[in-house]
Amino acid sequence: MEQETFFTNNTELPLAARMRPGDLDEYAGQKHLLGEGKILRKLIESDKIGSMIFWGPPGVGKTTLARIIAGRTKAEFVDFSAVTSGIKEIKQVMEKAERRRLFGEKTILFVDEIHRFNKAQQDAFLPYVEKGSIILIGATTENPSFEVNGALLSRCKVFVLHELATEEIEELLRRALTDPRGFGNEKVEISDDELHAIAVFANGDARGALSTLEMAVLNGNEDGGIIKVTPESLEQCISRKSLLYDKTGEEHYNIISALHKSMRNSDPDAAVYWLARMLEAGEDPLYIARRVTRFAAEDIGLADPKAVQLAVACYQACHYIGMPECSVHLTEAVVYMSLAPKSNAIDVAYMRAKNDALNTLAEPVPLVIRNAPTRLMKDLGYGKGYKYAHDFEDKVADMQCLPDSLKDRVYYTPGQEGLEPRFAARIDEIKALKAKAKSKK
């Protein structure tokens, strides 16, 4: 298994690779973990790290931290790719690590993009982590709660790495302009405003910022040995921002959650913004339409029964015409949902009934409301005493339809928004009619 090592020397590397920090003093960001006296810094400086996972968005320094550890540790450091390695390669590395352990030597195994390993591959690490043959360091952009096996995750400390602040990225860019590893041997003219624009465009991604700077310099105007980055050339480099959105990852769930909660909080502007974030990043409009349909019943319900009708119509429109035309239908739907009166009474009713149903699965259906298609069933009392509602003047019969153990249970309690007071009044009316019918017995 041949892989590029952490110490490969290549002057033709991209700027982001050439500027990769070699020690903690050069490392940008993550002060909550690597500031003076912070836990991760102490572990690295004392060479006492345990199995851990670095979780954060692209370009925040996960792999760089692993390389810094590689430069400081006395243990054997193995760089392992989740993209190119399988069970066979894992077993080979584990066997070597086990032999080192027998001689009192440690092995640190760095697995980049650990979320790409399937369950079987992740399981192959587990026994070696448990007995200390390896110290596992994983890096992932995905929520490890979803992507890493629970048994393996429980044996690792998760460190969350944050997006870099704009000023931290600006500092990186200035260093790249003066450091010999970057453009320190060239004369580059770029304004503070242009550096700030690159930093803002990067959206917390240091690697992306350095790549943009490199593109801007390479496309700058050379005049008398000076490379001038102009606003016009920079604009071409940052003309379209890549939206942070992974349709199968955590950010997918974060943004659909943001849309749902914005509508629930009756904030149409926020709802339209999160809708646009999803659509412009390539989300399936039918997925959004399905979530809006769920919202219509879960958070509006009978406070405005038309909400479900509109949501279903929106889904059909998305199905018929697709993007980009159906964006206007989705916008109409999320604005309507945002402005509609809110009630979760329907959702609460089901959850209450679900809890009782799960705990009373063996509770028999009352004989009075059982169907009796055969003579034997009739002889057993099925349907005996059944009262046909339409035979009564008010279309309401005094008849128990719940099992005996739940006969007085109330699941649906209407709220006070929209049309629900009408339903509350109807429930009161039905109770009164049943009481009236009962009194006539």
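Which residue in β8 is the bridge partner of K187? In this predicted model, the residue across from K187 turns out to be I226. That pairing belongs to a set of 3 bridges that join β6 to β8 (residues 226–228), and the two strands run parallel. Strands of a sheet, after all, pair through backbone hydrogen bonds, either parallel or antiparallel.

The largest nonpolar core counts 50 residues, and L40, F54, L65, L173 and L213 are the ones with the most contacts inside it. The top contributor is helix α11 (residues 206–218), which puts 6 residues into this core. Apart from this core lies another one, made of 26 residues, including I255, V292, A296 and A307.

L65 is a handy place to look at the packing in the 50-residue core. With neighbours within four places in sequence set aside, L65 is in contact with L24, Y27, L34, L40, I44, F54 and L161. Two names on that list, L40 and F54, also turn up among the residues with the most contacts inside the core.

As for the aromatic rings, a search of the whole structure comes up with 3 aromatic pairs. One of these is F117 with F125, an edge-to-face pair with 5.6 Å from centre to centre and 65° between the planes. Both partners are tucked away from the surface: F117 is buried at a relative accessible area of 3%, and F125 is buried at 0%. Y273 and W274 make an edge-to-face pair too, because their planes stand at 70°, with the ring centres 4.8 Å apart. Here the setting is partly exposed, with a relative accessibility of 43% for Y273 and 24% for W274.

Rings also meet charges in a couple of spots. K157 has its charged end over the ring of F159, at 5.8 Å from the ring centre. Likewise, the charged end of R370 sits over the ring of Y382, and there the distance to the ring centre is 4.8 Å.

Terms used:
Residues numbered from 1 in each chain as written. Predicted model: local features only at pLDDT ≥ 70, side-chain atom pairs only at ≥ 80, totals over all residues. Heavy atoms only, no water. Core = buried A, V, L, I, M, F, W, Y, C linked by side-chain atoms within 4.5 Å. Buried < 20%, exposed > 50% of the residue type's maximum accessible area, 1.4 Å probe, protein only. Helix = DSSP H or I, 4+ residues; strand = E, 2+ residues; numbered from the N terminus. Contact = heavy atoms within 4.5 Å. Pairing = 2+ DSSP bridges. Phe/Tyr/Trp six-rings, centres within 6.5 Å; stacked < 30°, edge-to-face > 60°. Lys NZ or Arg CZ within 6 Å of the ring centre and 35° of its normal.
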